[in-house]
Amino acid sequence: MAITLYDVQPSPHGRKVRLLAAELGIPLVKVSCDPRIGETRTSDYLAKNPNGRVPTLEEDGFVLWESPAILKYLAAKRPDRALGGSDTKAQALVDQWICWWVSGPEAAIDALAWEVLIKPKVLNQPGNDPGIIADAHARIDRFLPVLDKQLAGRDYVVGPLTVVDFLIGPRLDTAPSILKFDISRYANIRAWLERLRAKPYWQDA
Ligand SMILES: N[C@@H](CCC(=O)N[C@@H](CS)C(=O)NCC(=O)O)C(=O)O
């Protein structure tokens with residue numbers, strides 16, 4: 001049965017799913033659903049994802065939202081690749097890094113994006129509150145050293161390639177330049193990003 005992904009090209013959360021699907025060779029029927037022009041606020045879409053956000057996956061009537069859950073769902077379709085973790089301990093570490101990323105650095109990056117990008121450039125609101133920006137930077141600066149240390153001596157976050165790399169990599173691939181935060185001091189993160197960028201599908205997904 002076809003897997004449909006409701007998504008919009010610039011979405012960093014949607015890109016995580018597109019990249020993992022490319023890695024696993026899972027075809028997606030991509031339906032563009034752009035929050036900037038109200039497409040995530042139609043009653044049809046809200047019936048699928050009541051948050052009015054992308055990405056949302058649909059397969060044979062089964063609907064799933066939140067990119068980490070979607071990544072784990074796709075990974076489970078290819079148990080031979082073990083991208084959700086190869087044993088119980090690896091799976092627990094995958095979950096640990098998912099929770100860490102979503103509650104720590106990604107929450108800060110999302111707050112920064114909302115303040116410097118979405119509010120002023122999409123919602124026509126003032127945004128650019130210096131206090132919110134400083135707080136987001138402080139949280140990013142607190143958490144990224146943890147990732148940099150974890151990547152010392154490892155090719156990927158947990159060791160072997162897992163969904164965690166598809167959760168974090170796409171965001172750190174583009175957010176620093178778009179949102180203007182500096183990752184130049186994190187040598188291990190930069191080397192890991194280069195490993196991800198070398199994947200043949202990385203630029204196109
Ligand atoms: N935690 C969600 C975040 C999804 C999200 O923030 N999507 C953005 C696009 S990148 C969106 O749809 N925003 C529209 C809105 O919030 O109204 C995930 O990981 O899937």
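Predicted model: local features only at pLDDT ≥ 70, side-chain atom pairs only at ≥ 80, totals over all residues.

Me: Where is N128 found?
Reply: N128 is in the loop that links α5 (105–122) to α6 (130–150). Its phi is positive, at about 55°, although N128 is not a glycine.

Me: And A82, which loop is that in?
Reply: A82 lies in the loop between α3 and α4, and, while not a glycine, A82 has a positive phi of about 55°. A82 is partly exposed, with 15 other C-beta atoms within 10 Å.

Me: Okay, stepping back, how many helices and strands are there in the protein?
Reply: The protein has 8 helices and 4 strands, and read from the N terminus the order of the elements is β-α-β-α-β-β-α-α-α-α-α-α.

Me: What about the overall dimensions, and how do they fit a compact globule?
Reply: For 205 residues, a compact globule would have a radius of gyration near 17 Å, and the protein agrees with that, since its own value is 17 Å. Along the principal axes, the C-alpha atoms fill a box of roughly 45 × 45 × 30 Å.

Me: What share of the residues counts as buried?
Reply: Of the 205 residues, 32% count as buried. As for contacts between residues at least 6 apart in sequence, 63% of them join residues that are at least 24 apart.

Me: Let's look at α3 then, is it mostly covered or uncovered?
Reply: Helix α3, which spans residues 67–76, is mostly covered, with 7 of its 10 residues buried. Those buried residues are S67, P68, I70, L71, K72, L74 and A75, and what covers them includes α1 (12–24), β3 (56–59), β4 (62–65), α4 (88–103) and α7.

Me: You mentioned α7, so how do the axes of α7 and α8 cross?
Reply: The axes of α7 (residues 163–179) and α8 (residues 187–197) come within 10 Å and cross at roughly 100°, and the two helices are therefore roughly perpendicular to each other. On the α7 side the contact is made by D165, G169, L172 and D173, and on the α8 side by I189, L193, L196 and R197. By type, the residues of this contact divide into 4 nonpolar, 1 polar and 3 charged.

Me: Which residues does P170 contact, apart from its sequence neighbours?
Reply: Once neighbours within four places in sequence are left aside, P170 is in contact with P12, R15, K16 and L19. P170 lies in helix α7 and counts as buried, because it has 25 C-beta neighbours inside 10 Å. The C-alpha atoms of P170 and K72 are separated by 16 Å, and these residues are 98 apart along the chain.

Me: Switching topic, which residues are around the ligand?
Reply: Around the ligand are S11, P12, H13, P35, T40, G52, R53, V54, P55, E66 and S67, and this shell divides into 4 nonpolar, 5 polar and 2 charged residues.

Me: What kind of peptide bond joins V54 and P55?
Reply: V54 and P55 are joined by a cis peptide bond, with omega at about 5°, and P55 is found in the loop between α2 (43–48) and β3.

Conventions:
Residues numbered from 1 in each chain as written. Near = placed C-beta within 6 Å. Nonpolar A, V, L, I, M, F, W, Y, C, P; charged D, E, K, R; others polar. Rg over C-alpha atoms; globule rule 2.2 N^0.38 Å. Buried ≥ 20, exposed ≤ 12 C-beta atoms within 10 Å, placed from the backbone. Contact = placed C-beta atoms within 7 Å. Axes fitted to C-alpha atoms, helices over the stretch in contact; angles between N-to-C directions. Parallel < 35°, antiparallel > 145°, perpendicular 65-115°, else oblique.
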